[in-house]
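The entries follow in the order in which I looked things up.

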Amino acid sequence: MAERRDFNDRGGRPVKRARKKVCQFCADRTAFIDYKDVARLRNGKCLTERCKILPRRITGCCAFHQRELTTAVKRARHLALIPYSSD
């Protein structure tokens with residue numbers, strides 16, 4: 001039998017299925033996200049180059065870790081470890 005593919009309603013082209021993103025903090029089994037670990041916050045694909053927090057749908061974090069990440073970034077900003085914006 002031929003392989004079954006999912007097709008669009010209109011064009012008849014195969015639909016690309018995006019892989020589900022895995023939370024990097026759950027995968028590393030981190031207990032909590034430390035606001036002093038600036039390298040992990042910046043290089044962990046959680047912030048843009050302008051130091052804006054990326055949303056869950058882009059980072060792939062679970063809701064629990066996204067809330068912790070937001071709190072950690074805001075604390076780091078308050079202590080001037082991360083800039084509020086970089087122009």
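**Entry 1: a loop residue**

I began with R29, which sits in the loop between α1 (24–28) and α2 (38–43). Helices here are DSSP runs (H or I, at least four residues), strands likewise (E, at least two), and both are numbered from the N terminus. The model is predicted, so I kept to its limits: local features need pLDDT of at least 70, side-chain atom pairs count only at pLDDT 80 or more, and totals for chains, interfaces and linings use all residues. Residues are numbered from 1 along each chain as its sequence is written, and side-chain values use heavy atoms, with hydrogens and water left out.

The phi of R29 is near 55°, a positive value in a residue other than glycine. R29 is exposed, at a relative accessible area of 75%. For these words I use under 20% relative accessible area for buried, over 50% for exposed, and partly exposed in between (1.4 Å probe, protein chains only).

**Entry 2: another positive phi**

I then looked up C51, which is not a glycine and has a positive phi of about 65°. C51 lies in the loop between α2 and α3 (56–59). Is C51 buried or exposed? C51 counts as buried, at 7% relative accessibility.

**Entry 3: the whole chain**

I counted four helices and zero strands, in the order α-α-α-α along the sequence. The protein has 87 residues, of which 24% count as buried. I also noted that, among contacts between residues at least 6 apart in sequence, 54% join residues at least 24 apart; contact means heavy atoms within 4.5 Å.

**Entry 4: charges**

How many salt bridges does a search of the whole structure find? It finds one, where the term asks for a side-chain nitrogen of Lys or Arg within 4 Å of a carboxyl oxygen of Asp or Glu. The partners are R40 and D28, at 2.9 Å from N to O. R40 belongs to helix α2 and D28 to helix α1, so the pair ties together parts that are 12 residues apart in sequence. R40 is partly exposed, with a relative accessible area of 28%.

Leaving out residues up to four places away in sequence, F25 touches T30, I33, R40, C46, C61, H65 and L69.

**Entry 5: helix α4**

I checked the span of α4: its 16 residues reach 23 Å from first C-alpha to last, close to the 22 Å expected, which is 1.5 Å times one less than the number of residues. Which residues of α4 are buried? They are H65, Q66, L69, A72, V73, A76 and R77. These residues cover an arc of only 135° around the axis, which puts them on the same side of α4; the arc is taken from the directions from the helix axis to the C-beta atoms. The face turned away from the buried side carries the exposed residues R67, K74 and H78. The cover over the buried residues of α4 includes α1, α2 and α3. After α4 comes A80, whose phi is positive, near 65°.
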